[in-house]
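These are my notebook entries on one protein structure. I record what I looked up and what I found.

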Amino acid sequence: MLPCPRAPSKRRPGIDAAVGRQTRATGGISGKIVTLRGLFDRWTLSTLVIVGVFMFWAAGRYTVFDDEANSCRRYVLPVGEMVSALWKGVEPDPPLYYLLQNRWVRLFGVGPLGLRSMSILFFLAGVVTVRAAAESWFDAPTGRSAMLIAALHPAHLFFGFAGRWYAMMFCLVAALLFVTGRLYRGRGGRRSGMIAWTAIATAVCYTNYFGPVVVGLVWLVAIADAVRTKRMWRGWVIAAAAVIALYSPWGPPFVFELTRFPEVGGSWFAYVATAGRTGLALLTGNLASVRALWAWAPMSVFAIAAGALLVRHWRTVWPIAVIVVGCLVAGIASLSMKDKYIMTFTAPVCILAAALLVFGLRKNAGRGNKSITRVATAALIVGWAGCAVNLVTQNHWSSLRWLDPFEEATREVHRTLASDPDLVLVVTHPSAWYYLGCLGAIEQGVDGRQGWRRIPAERWRRAEQSGPGPLPITNVQACKPQDILPAVRDGSAVVERWVTIETAEYAGDPAWSEFRQHLEAAFESVAVKSYLEDADAALKDRLDPRFKHPRKRIVVRHWVRHHVFDK
């Protein structure tokens, strides 16, 4: 019996390299179909165990920072009130993650671990999904490499467990790339694939306002290939229309949020600063300050080598590269890309980095490609090893938000307030309010250290809103500057002694500045205790003079009215 002849191949030069067919341009991509059995091998299981143990430990160890604390106040609200607040722009985010957290914290509480545990699960799922996405676009070695890069990325080590939308966005974008890769390669059912793509793309848009940018770039890559090959282009048009229709109910808040973006066309320094912050976060997360040359020197070499590899392998990796470069340009051009917002597109970044490193070491890659790839790989290992040293020693971090000892400071202040009911506490930082609420909930029946304890959401909400005790003027003993300022201005706030918790991030807050002027005019500072010194404060002031960076991260002051002090 003669063998049946194969159908003629419809290869697309360069594009086949990205979809997994074995062509000369790919260097031999296998194009395996992703299966659950192959996905959860010893590499994946070992990675999940190691990363999971670290993140669950870190969630109870490191400080709940200001954005988490602010968002926690929305998570504990009734659903209708929470969605209404998001609709009005109280938080710069769509409602999907908040709706999930609203249910989650009612089960697991708002203690640091309860607040962050859902994000940890999303991140672990995202790590696996990154591997699946990389294998759907390229091959198994690229998938394993992308998974390891995602698991060890310095930014992921912290933003991956943060109690906000970061990990969920990372997971959903990875899932979107996975489905797109399967459709791009012609794997699986077209109709079911398009339905899945539409659902995931809509979820991405409802998770963060940068989501439409990511979805749009992924769709442009897909439709460009569809139009070129005259395959499935109608399906992609229908999918885009469906996503727009499903997202349109949240259109007014989205448009309102766009109007709040920084103005485009400002000084060149603003764009340079935004690009610098974005590059810093993509390379080293928050684990390398400007002085940490042992991390920055090798990471700079890695960035240069990766750029050279991108040029050499552009035909192979261009679909993922277009998504990454497009996100970078959009974030920098809008002046909106901050260190935590890189989680909106770190999934394609990890896949792109893995593809460049894997392709550069193929047998037929050429001596030049292999040399550059070895340099890039060595630089990445050395640079992230430097970040690991900073992590262990807790020195030379670019952001100290995770180390701010708010739990310690608020516990000491709380004890002082309990022993002297005439003292009035003024707080600016949301994290201080968060930990005061935890202390209030602990007083109401929750025992032990806050980090790994379950603190009921409703009990925390009552404690956080009421403060630790009564105050004759405002009915709370702890208050914010903007809440007490009217009584201070008209002289009705008859308070003899104040306690203030001053923080680096809110040093320039207008309400606090006005209240501080009142204190300095009528009161004497009789006791000062500071926490956590920022050794790079002066350097940060020179690099970014738009902001003042206090040398002490937290300062607790006791103020006594002049005539009381004189007596």
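Are Arg131 and Glu135 buried or exposed? I looked up both residues, and both are buried. I note at the start that the model is a predicted one.

**Entry 1: a salt bridge within one helix**

I next looked at how the side chains of Arg131 and Glu135 are placed. They meet in a salt bridge, with 2.9 Å from N to O. Both residues belong to helix H7, which covers residues 112-137. They are 4 residues apart there, so about one helical turn separates them. I recalled the general rule: an α-helix has 3.6 residues a turn, so residues three or four places apart point the same way.

**Entry 2: salt bridges between separate elements**

How many salt bridges does a search of the whole structure find? I noted 22 salt bridges from that search.

The side chains of Glu514 and Arg489 meet in a salt bridge of 2.8 Å, N to O. Glu514 lies in helix H24 (residues 510-522) and Arg489 in helix H23 (residues 481-489), so this pair ties together parts that are 25 residues apart in sequence. I checked how open each partner is. Glu514 counts as partly exposed because its relative accessibility is 32%. Arg489 has a relative accessibility of 55% and therefore counts as exposed.

I then turned to Arg551 and Glu533, whose side chains form a salt bridge of 2.6 Å, N to O. This pair links distant parts of the chain, 18 residues apart. Arg551 is in the loop between helix H25 (537-543) and strand E5 (552-561), whereas Glu533 is in strand E4 (residues 523-533). With a relative accessible area of 45%, Arg551 is partly exposed. Glu533 is partly exposed as well, at 40%.

**Entry 3: the covering of helix H4**

How many of the 10 residues of helix H4 are buried? I found that 8 of them are, and that this helix (residues 66-75) is mostly covered. Among the buried residues of H4 are Asp66, Asp67, Glu68, Cys72 and Tyr75.

**Entry 4: a nonpolar patch on the surface**

Which residues form a nonpolar patch on the surface? I listed Val227, Trp233 and Val237, which together have about 260 Å² of accessible area. Val237 lies in helix H13 (residues 233-247). Its relative accessible area is 40%, so Val237 is partly exposed.

**Entry 5: two residues with positive phi**

I looked up the backbone angle phi of Met232. It is near 70 degrees, a positive value in a residue other than glycine. Met232 lies in the loop between helix H12 (211-229) and H13. Met232 counts as buried because its relative accessibility is 13%, and the cut-off for buried is under 20%.

His396 was my second case. Its phi is near 65 degrees, again a positive value in a residue other than glycine. His396 lies in the loop between H19 and helix H20 (406-419). With a relative accessible area of 33%, His396 is partly exposed.

**Entry 6: a cysteine in helix H19**

Where is Cys387 placed? I located Cys387 in helix H19, which covers residues 367-393. Cys387 is buried, with a relative accessible area of 1%.

**Entry 7: how helix H17 packs**

At what angle do helix H15 and helix H17 pack? I read an angle of about 135 degrees for H15 (residues 268-284) and H17 (residues 314-333), with their axes 9 Å apart. These two helices are therefore oblique to each other. H15 passes H17 in a right-handed crossing.

I then examined H17 and helix H18 (residues 346-359). Their axes come within 9 Å and cross at roughly 150 degrees. H17 is therefore roughly antiparallel to H18, since angles over 145 degrees count as such. H17 passes H18 in a left-handed crossing.

Key
Residues numbered from 1 in each chain as written. Predicted model: local features only at pLDDT ≥ 70, side-chain atom pairs only at ≥ 80, totals over all residues. Heavy atoms only, no water. Salt bridge = Lys/Arg side-chain N within 4 Å of Asp/Glu carboxyl O. Buried < 20%, exposed > 50% of the residue type's maximum accessible area, 1.4 Å probe, protein only. Patch = residues over 30% accessible without salt bridge, like charges linked within 9 Å, V, L, I, M, F, W, Y side chains within 5 Å. Areas by Shrake-Rupley, 256 points an atom, 1.4 Å probe, with all protein chains shown as cover. Axes fitted to C-alpha atoms, helices over the stretch in contact; angles between N-to-C directions. Parallel < 35°, antiparallel > 145°, perpendicular 65-115°, else oblique. Left-handed = near helix turned anticlockwise from the far one by under 90°.
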